[in-house]
Amino acid sequence: MFPDPFTEDFGEFTSAVNALADSLAATAAERDRAGGTALAERQLLRQSGLLTLAIPRAHGGQQAAWPLIFRILRRLAQADSSLAHLFGFQHLQVASVLLFGSDAQQARFLGQAVEHRWFWGNAVNARDTRLNAVRTPEGIELDGVKAFCSGATDSDVLNVSAVLGPLPTDRVFAVVPTSRAGIRVNDDWDNMGQRQTDSGSVSFDHVRIAHDELLGPPGVASSPRATLRNLIGQVVLTEIYLGNALGALRAAIDYLRTQTQPWPMAGVERSQDDRLLQLRAGEMWSGLQAAIALSNHTNARFQQAWERGAALTAEERAALAIDVASARAQAARTALHVTSQIFELIGARATAARHGFDRYWRNVRVHTLHDPLDYRHQSIGAWLLAGDVPNPYGYG
């Protein structure tokens, strides 16, 4: 029998990844309609053992390579884009501690994360300036609001960013228990896609942060290596796009084979033998494979940069940023195309709400607006034509 083209090998994690993905997929469409917090599914993520993949073995984690983590994220996004988002952002918060924290902070926070199966949320949105921070003798105090705080609901700890001045070095990151006095996670996420990412706002009312909860040294803007955090966030988005596209195409093919009636003019008994549908499916698959190949190449480059450690140069970081931007832009355009075009394969009956096929497009559409793709392409062009490199302290 021809092998399933959608399956992947994740080495020692294959069984755990596929079992988790299958469990999430079983209720994904229903939960997308319901919205809210997927408490049971978050617990499945905790129990899977996959939340510690990026944590070094020295702190009890599994120290998996980033390309493997990103491929697992892509697989989970096929099944459930919202929970895959939380999985990806978990590893982004772990990376924040690895890149910004001192050795003692890494041992403390990451060791506890393994021991207590922490789920990490974030209140990091750099463009939301409503969170005020002032220095105190003990550390800092926070007042205000942060929006787009993915994973904050039901989290154990939050990564929080605040600005103490006009320079990149004035931005600080802190690791704070979500239950700390003065922190309120607001139930105000009601977007059309990524419905269960709990990406609403978090309010802070005189929240005290101790010195040893502020990550550093080395700190946020200490080196080219430290700015790799921004690129991890971009790769997470790339893999969510690709996972949605793969999930949409796979679901459409399954539906076509079992539910779609052949069009009378096609002259065939089975829809899968319709040559026009074969042509359309082949076009989508080819484009998707090209986007995946570019992403895999970029992720391998990212691993090389990660392993360079403190020796990573600004030039190397800039070249990697262009690769990441190219992969993300290509994945976004491809995923938007695939997730809308699947309806040409499966027909009008498949638009019934109970099937939930529209969620793949809605998820991609919401995430591709994270920062404008036009500016992503423009930054690539500025590098090509003028030698300009992306701002390592922004979204580049």
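**Helix packing and nonpolar cores**

Mentor: In this predicted model, the largest nonpolar core has 61 residues, and W66, I72, F87, W120, I232, F302 and W306 have the most contacts inside it. Residues are numbered from 1 along each chain as its sequence is written. Local features need pLDDT of at least 70 and side-chain atom pairs 80 or more, while totals for chains, interfaces and linings use all residues; side-chain values use heavy atoms, without hydrogens and water.

Trainee: What makes a set of residues a nonpolar core?

Mentor: Its members are buried Ala, Val, Leu, Ile, Met, Phe, Trp, Tyr and Cys residues joined through side-chain atoms within 4.5 Å; buried means under 20% relative accessible area. Apart from it lies another core of 30 residues, including L237 and M284.

Trainee: Why are α3 and α6 called oblique to each other?

Mentor: The axes of α3 (residues 66–79) and α6 (residues 228–258), lines fitted to C-alpha atoms over the stretch in contact, come within 7 Å and cross at roughly 40 degrees. Angles under 35 degrees count as roughly parallel, over 145 as roughly antiparallel, 65 to 115 as roughly perpendicular and the rest as oblique; the pair is therefore oblique. The crossing is right-handed.

Trainee: Why is helix α9 described as largely enclosed by the rest of the structure?

Mentor: Seven of the 10 residues of α9 (residues 358–367) are buried, so the description applies. These are R359, Y360, R362, N363, V364, V366 and H367.

Methods
Axes fitted to C-alpha atoms, helices over the stretch in contact; angles between N-to-C directions. Helix = DSSP H or I, 4+ residues; strand = E, 2+ residues; numbered from the N terminus. Left-handed = near helix turned anticlockwise from the far one by under 90°. Buried < 20%, exposed > 50% of the residue type's maximum accessible area, 1.4 Å probe, protein only.
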